[in-house]
Amino acid sequence: MTAADELDERFVTAVRALPGHAPPTRPVDRRVDDDLLVRYFDAQVQSRHLDVAARTLQGRGEGFYTIASAGHESNAALGLCTRVTDPALLHYRSGGFYAARGSFVEGSTPIRDVLAGCAASTLDPISAGRHKVFGNADLNILPQTSTIASHLPRAVGLALALPRMQRLGLDAAWPWDSVVVCSFGDASANHSTAVGALNAAAYCRHRGLPLPLLLVCEDNGLGISVPTPPGWLERSLSSYPGIEYRSVDGADPVEMLAAATDAVETVRTTRAPVLLHVRVVRFLGHAGSDVESAYRSPSDLAADHERDPLVGTARELVARGVLDAAGVLDRYERIRAEVDSVADSLQRPPRLATAAEVMRPLESGLVHVDDDPHPAGEPLTLARAVTRTLGQLLEEDPHVCVFGEDVGLKGGVYGVTRGLQERFGRLRVFDTLLDEQTILGTALGFAVAGMLPIPEIQYLAYLHNAEDQLRGEAASLAFFSDGRYRNPMVVRIAGLPYQRGFGGHFHNDDSVAVLRDIPGLVLAVPSSPATAGALLRTCVELARREGRVCVYLEPIALYHRRDLYDEGDGLWQQVPDTAGLPPGSVCVYGDGRDVLVVTFGNGVPMSLRAVRRAGVAATVLDLQWLSPLPTTALLEHVRRFERVVVVDETRRSGGVAESVVATLVDDAWQGRITRVTSHDSYVPLGPAAAHVLMSEDDIVRALLEA
Ligand SMILES: Cc1ncc(C[n+]2csc(CCOP(=O)(O)OP(=O)(O)O)c2C)c(N)n1
Ligand SMILES: [Mg+2]
């Protein structure tokens, strides 16, 4: 007998054993009416049968996902007592919630949705066959990845965004009085992502910011095989100041429905977070392939059956006289038949058939951008050019907001955001707490709410501890929602090497590999004050029009540079170009025919100086876009040369030059190519940095080798 058969049999046996029309064993709790209880039961049962059907589909070779909701079906209470318009970011055991919410929306097909997801079919209404996720734009359920707890920072950001947009008088994607629902497992509560997000929520409350967030910890006592120590979550989850902790037994339908209703009401009226700790059980193992008996005793497994939430609801229905045991079983069987018939209809369902279909949400179609409507003005440094454009963007669009560590009063470590808070106020230009994960989570929440966030990460080296928020959350959302949800955002990051006076790896991170391999992410690197503003504007357009996640990586060493060749020549201070700069465009310096130098960032002024020193006839090409590489424009130029030198300040392995060379090889270009790169090293403090970073001397040597 399979675990699913056993679960089914135990339920049927337990219901048959319920006393017929015996008087209720306790007074009926009228906080929960009969109709609500019936709806609750239906949603729970639908979820249960879907878990079984997922395994049937797998058995037929048509299903690919068997993580069940069995034992967690009490989360249906949240689906019943929230509004359909309350945005929900859900744990992967949310079958009950999904069924409940779907029951409110005319024309919705929750059974087919879930099974199509398991079958990786394009009929899946959220991912269109890219993954099995609980999500549906019509039900306001945002799809989540499998990376546990990674959705919590976004949930905090979204709860922060909705009241903020109300104050700014802007329409948000959800009503201003929404409750953001965010559920997660007990083991997930220990993940640093969850801990960071809970801390951020508490911090926001401590600062008095409204935060309508309902956090739900579905505690089945296990993280795959590892037990959560008794009492640990009660202690840890109740310790966050400003987050009201409540606990409820998910096996008790009346308590569960009442607690859920009350928690939602509290969050909606107080706009302060509540954490509802729901004690549940887990049936059918962690997933289909998990052999629970290897790590759980038969008595533990049997004890869970005593707490089957479906039996709990059946018992209450019978005790109230709403249904008798036969009536309960009749409902149970009717829903089973419905689920089975949908499962049967999914034989050979439509699936994604080509790479192009799979990748459609990652594609960009932006080929034209408008010119900068503002007069060009005076020559500026790179830092001032970025400040100028940020100011314009904030002025032009009330949805744009700028935030990060120290960006407010101080105006950023390098003064790039100086004066913006004074001009645009603290609601749009603000300091965050010191946590890159929260900065990006805030951007994620603001973005889906309808803002256009431009978060700042203080140094490239400090992106890495929060990078999953970009990789796993931001960039993957369009993919896993088939483009239905997007995170328009432009992450400004100060980075790259060659800083004078402030050295070491952490302020000279020279690697961009971690950004370049994120599907769909756009990476732009300005080098000159003339084009920095236009490049930033294009990133904002990509975010606004296509919902792209863009990273705009600012070379710190060029922020305040004024000179190019000689001290005092002032040649690197430039008047901003006002012409629109479409994605994929490159910037070219000089017209020498002997060698093409392909570079970006700090490499641009370094190459210009090296070319002059070497006395060669060279053209210098600034790639500007590191991801995707501007392949078409690059090849157009390269084809006119027989000699190319790639000047890449990032590392030899995994660096940009590797991709440039590969692009030329793929195109069967026949010329001679040399790479000048930094070493595969961290950057040491002080003068030793020069030993591992590529230098102007290296470029000169490469040019003279021609
Ligand atoms: C960041 C991360 N690490 C590891 C995993 C693998 N993994 C998937 S589920 C899980 C256990 C989660 O337990 P819990 O949060 O209690 O949720 P439950 O499955 O018990 O409902 C683990 C370790 C993952 N998905 N994400
Ligand atoms: Mg668990």
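Predicted model: local features only at pLDDT ≥ 70, side-chain atom pairs only at ≥ 80, totals over all residues.

Trainee: OK, switching to the sheets. In what order do the strands of the five-stranded open sheet come?

Mentor: The order is β15-β17-β16-β19-β20, and the pairing is mixed. At the edges are β15 (587-589) and β20 (672-678), each of which pairs on one side only. On average, and with direction ignored, neighbouring strands of this sheet are turned by 20 degrees against each other.

Trainee: Which way do β15 and β17 run, and how many bridges join them?

Mentor: They run antiparallel, with three bridges joining β15 to strand β17 (residues 618-622). Within that pairing, Val588 has Leu621 of β17 as its bridge partner.

Trainee: What about β16 and β17?

Mentor: That pair is parallel, over five bridges, and here Val598 is the residue that stands opposite Leu621 in β17.

Trainee: How many residues of β16 are buried, and which point which way?

Mentor: Strand β16 (residues 595-599) is mostly covered, with five of its five residues buried. Val595, Val597 and Thr599 point one way, Leu596 and Val598 point the other way, and all are buried. In general, the side chains of a regular strand alternate between the two faces of the sheet.

Trainee: Now β9. What does it pair with?

Mentor: Five bridges join β9 to strand β11 (residues 452-457) in a parallel arrangement, and Val400 stands opposite Leu452 there. β9 also pairs with strand β10 (residues 429-431), again in the parallel sense, over three bridges, and in that case Val402 has Val429 as its bridge partner.

Trainee: Why call β9 enclosed?

Mentor: Because five of the five residues of strand β9 (residues 400-404) are buried, it is largely enclosed by the rest of the structure. Val400, Val402 and Gly404 point one way from β9, while Cys401 and Phe403 point the other way.

Trainee: And α16, how does its span compare with what its 14 residues should give?

Mentor: At 1.5 Å a residue, helix α16 (residues 436-449) should span 20 Å, and its end C-alpha atoms are 20 Å apart, which agrees. As 14 of its 14 residues are buried, α16 is largely enclosed by the rest of the structure. The helix is followed by Gly450, whose phi is positive, near 120 degrees.

Trainee: Which residues have the most contacts inside the largest nonpolar core?

Mentor: They are Leu213, Leu470, Met489, Leu623 and Val660, in a core of 91 residues. Its largest share, nine residues, comes from helix α6 (residues 152-168). Apart from this core lies another one, of 67 residues, with Tyr98, Cys118, Val179 and Val280 among them.

Trainee: What does Leu623 touch?

Mentor: Leaving out residues up to four places away in sequence, its contacts include Val586, Val598, Phe600, Leu634 and Val660.

Trainee: Last one: Trp669 and Pro628, buried or exposed?

Mentor: Trp669, in the loop between α22 (656-666) and β20, counts as buried at 14% relative accessibility. Pro628, in the loop between β18 (625-627) and α21 (631-638), counts as exposed at 56%. Not counting residues up to four places away in sequence, Pro628 touches Leu521 and Val522, while the contacts of Trp669 include Phe641, Arg643 and Leu664.

Conventions
Residues numbered from 1 in each chain as written. Chains lettered and ligands numbered in written order. Heavy atoms only, no water. Helix = DSSP H or I, 4+ residues; strand = E, 2+ residues; numbered from the N terminus. Expected span 1.5 Å × (residues − 1). Buried < 20%, exposed > 50% of the residue type's maximum accessible area, 1.4 Å probe, protein only. Core = buried A, V, L, I, M, F, W, Y, C linked by side-chain atoms within 4.5 Å. Contact = heavy atoms within 4.5 Å. Pairing = 2+ DSSP bridges. Axes fitted to C-alpha atoms, helices over the stretch in contact; angles between N-to-C directions.
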